[in-house]
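Biologist: I would like to go through this chain with you, from overall fold to single residues. Shall we take it step by step?

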Amino acid sequence: MFYLPMILAILSATAYHISQKAIPARVNPMVSVVVTYVVALALSLALLPLLPSRVGVGESLRNLNWGTYGVGVSIVGVELAYLLVYRSGWRLSLASVTSGAATAILLAGVGVLLLGEHLSFRNAVGVAFCLAGLALVTH
């Protein structure tokens, strides 16, 4: 059960990038994002009863914080950005690797500087590899 969510994340991210790359250039990017979220809303509502919770929907809504709204705002940026990245000519094989490595480096810095997290020597070497990989795939 430990690896199942990660497998779902990997398969979903793979399908996401293949789908983004396949959106026709003649489609308005924001129309695509709107339709994406209509489909996501319908699927989310259909799955809601299948993922039981100890708290009801009303209580969950009352307990939301800024994080949920931040995800909503940022995901629109992610959707629009990847659509425009692929339209600008980035290859499927490099776009996700580039943004993933850059995001990992940025989040490592945020974790250390803003959240007081500690990077072990092994973690720091991993960040260095991310930097080297980023340099290799972008030049």
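Modeller: One definition before we start. Patches are made of residues with over 30% relative accessible area and no salt bridge, and nonpolar side chains are joined within 5 Å. Keep in mind that this is a predicted model.

Biologist: Which residues make the nonpolar surface patch of about 810 Å²?

Modeller: L114 shows how a residue can qualify. L114 sits in helix α5. Its relative accessible area is 66%, so L114 counts as exposed. The patch is made by L106, L107, V110, V112, L113, L114, L115 and L119.

Biologist: Let us step back to the whole chain. What pattern does the chain follow along the sequence?

Modeller: The chain has 0 strands. Its helices number 6. Read along the sequence, the pattern is α-α-α-α-α-α.

Biologist: How much of the chain counts as buried?

Modeller: The cut-off for buried is under 20% relative accessible area. The accessible surface of the chain comes to about 10,600 Å². Carbon and sulfur atoms hold 75% of that surface. Of the 139 residues, the share that counts as buried is 11%.

Biologist: Among contacts between residues at least 6 apart in sequence, what share joins residues at least 24 apart?

Modeller: A contact here means heavy atoms within 4.5 Å. Among contacts between residues at least 6 apart, the share joining residues at least 24 apart is 74%.

Biologist: Now helix α5. How far does α5 reach from its first C-alpha to its last?

Modeller: α5 covers residues 92-115, which makes 24 residues. At 1.5 Å a residue, 34 Å is expected. The reach is close to that, at 33 Å.

Biologist: Which helices are included in what covers the buried residues of α5?

Modeller: The buried residues of α5 are A95, T98, A101, I105, A108 and G111. Their cover includes one helix at residues 66-87 and another at 121-138. These are α4 and α6.

Biologist: Which residue follows α5, with a positive phi?

Modeller: The phi of this residue is near 70°. The residue is G116.

Biologist: A104 is also in α5. How far apart in space are A104 and C130?

Modeller: A104 has a relative accessible area of 35%, so A104 is partly exposed. A104 and C130 are 26 residues apart in sequence. C-alpha to C-alpha, they are separated by 7.7 Å.

Biologist: On to helix α1. Is H17 buried or exposed?

Modeller: H17 is found in α1. Leaving aside neighbours within four places in sequence, H17 is in contact with Y82, Y86, L92 and S96. Its relative accessible area is 10%. The cut-off is under 20%, so H17 is buried.

Biologist: Which residues does Q20 touch, not counting those up to four places away in sequence?

Modeller: Q20 lies in helix α1. With a relative accessible area of 6%, Q20 is buried. The residues Q20 touches are E79, Y82, L83 and Y86.

Biologist: How far apart in space are I10 and G100?

Modeller: I10 lies in α1, residues 4-22. I10 has a relative accessible area of 48%, so I10 counts as partly exposed. In sequence, I10 and G100 are 90 residues apart. In space, C-alpha to C-alpha, the distance is 12 Å.

Biologist: And M1 and Q20, how far apart in space are they?

Modeller: M1 is found in the segment before α1. At 82% relative accessibility, M1 counts as exposed. M1 and Q20 are 19 residues apart in sequence. C-alpha to C-alpha, their distance in space is 29 Å.

Notes. Residues are numbered from 1 along each chain as its sequence is written. This is a predicted model: local features need pLDDT of at least 70, side-chain atom pairs count only at pLDDT 80 or more; totals for chains, interfaces and linings use all residues. Side-chain values use heavy atoms; hydrogens and water are left out. Helices (H or I, at least four residues) and strands (E, at least two) are DSSP runs, numbered from the N terminus. The expected span of a helix is 1.5 Å times one less than its number of residues. Buried means under 20% relative accessible area, exposed over 50%, partly exposed in between (1.4 Å probe, protein chains only). Patches are made of residues with over 30% relative accessible area and no salt bridge: like charges are joined within 9 Å, nonpolar side chains (Val, Leu, Ile, Met, Phe, Trp, Tyr) within 5 Å. Accessible areas come from the Shrake-Rupley method with a 1.4 Å probe; for residues, only the protein chains shown count as cover. A salt bridge is a side-chain nitrogen of Lys or Arg within 4 Å of a carboxyl oxygen of Asp or Glu.
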